[in-house]
Amino acid sequence: MKKVILAIVALLGFTVSGFAQTEAKKAVQKSQTVAKEVKKDVKAAEAKAAEAKVREEKAKKEEEAKVVLKKDGTPDKRYKNNKNVVLKKDGTPDKRYKNK
């Protein structure tokens, strides 16, 4: 009885290992087609990233251009993009000036 059970277990083990090896070969073939698709996706992603950088640069330029000046030519501190923190010589913020 032990020999019969051992033979069945061995037979199942060889069968399972045989299936596992054939699937690995199929996976290699699929990975080659996937690799081609990935290359196409990478090129598309690089193009999108380049477009995004261009948009960010344009946005930064527009923000810099939105500096509102007073009649005397100094920046108007009522606007958020014109508020700068006043720093001391050692680089710490100067607490004498109120930041809103």
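The dialogue below goes through the helix, the salt bridges and the surface patches of a predicted model.

Q: How many helices and strands does the protein chain have?
A: The protein chain has one helix and zero strands. Helix 1 covers residues 2-65, and Met1 has its place in the segment before helix 1.

Q: What share of the residues of the protein chain count as buried?
A: Buried is a word for residues under 20% relative accessible area. In this predicted model, 3% of the 100 residues of the protein chain count as buried.

Q: How many salt bridges does a search of the whole structure find?
A: The general idea is that side chains of opposite charge can pair when their charged atoms come close. Here, a search of the whole structure finds two salt bridges. In one of them Glu51 pairs with Arg55, and the closest N and O atoms are 3.7 Å apart; in another, Arg78 pairs with Asp76, and there the closest N and O atoms are 2.7 Å apart.

Q: Where do Glu51 and Arg55 stand in relation to one another in helix 1?
A: Glu51 and Arg55 are four residues apart in helix 1, so about one helical turn separates them. As for their cover, Glu51 counts as partly exposed, because its relative accessibility is 43%, whereas Arg55 counts as exposed, because its relative accessibility is 58%.

Q: Is Asp76 buried or exposed?
A: Asp76 has a relative accessible area of 6% and is therefore buried. Its partner in the salt bridge, Arg78, has a relative accessibility of 68% and so counts as exposed.

Q: Which residues form a positive surface patch?
A: In reading such a patch, Lys and Arg count as positive, and each residue in it must have over 30% relative accessible area and no salt bridge. In this structure Lys36, Lys39, Lys40 and Lys43 form a positive surface patch. One of these residues, Lys43, lies in helix 1, and with a relative accessible area of 62% Lys43 is exposed.

Q: Which residues make a nonpolar surface patch?
A: Met1, Ile5 and Val9 make a nonpolar surface patch of about 360 Å². Met1, whose place is in the segment before helix 1, counts as exposed because its relative accessibility is 77%.

Technical notes: Residues are numbered from 1 along each chain as its sequence is written. This is a predicted model: local features need pLDDT of at least 70, side-chain atom pairs count only at pLDDT 80 or more; totals for chains, interfaces and linings use all residues. Side-chain values use heavy atoms; hydrogens and water are left out. Patches are made of residues with over 30% relative accessible area and no salt bridge: like charges are joined within 9 Å, nonpolar side chains (Val, Leu, Ile, Met, Phe, Trp, Tyr) within 5 Å. Accessible areas come from the Shrake-Rupley method with a 1.4 Å probe; for residues, only the protein chains shown count as cover. A salt bridge is a side-chain nitrogen of Lys or Arg within 4 Å of a carboxyl oxygen of Asp or Glu. The place of a charge is taken as NZ of Lys, CZ of Arg, CG of Asp or CD of Glu. Helices (H or I, at least four residues) and strands (E, at least two) are DSSP runs, numbered from the N terminus. Buried means under 20% relative accessible area, exposed over 50%, partly exposed in between (1.4 Å probe, protein chains only).
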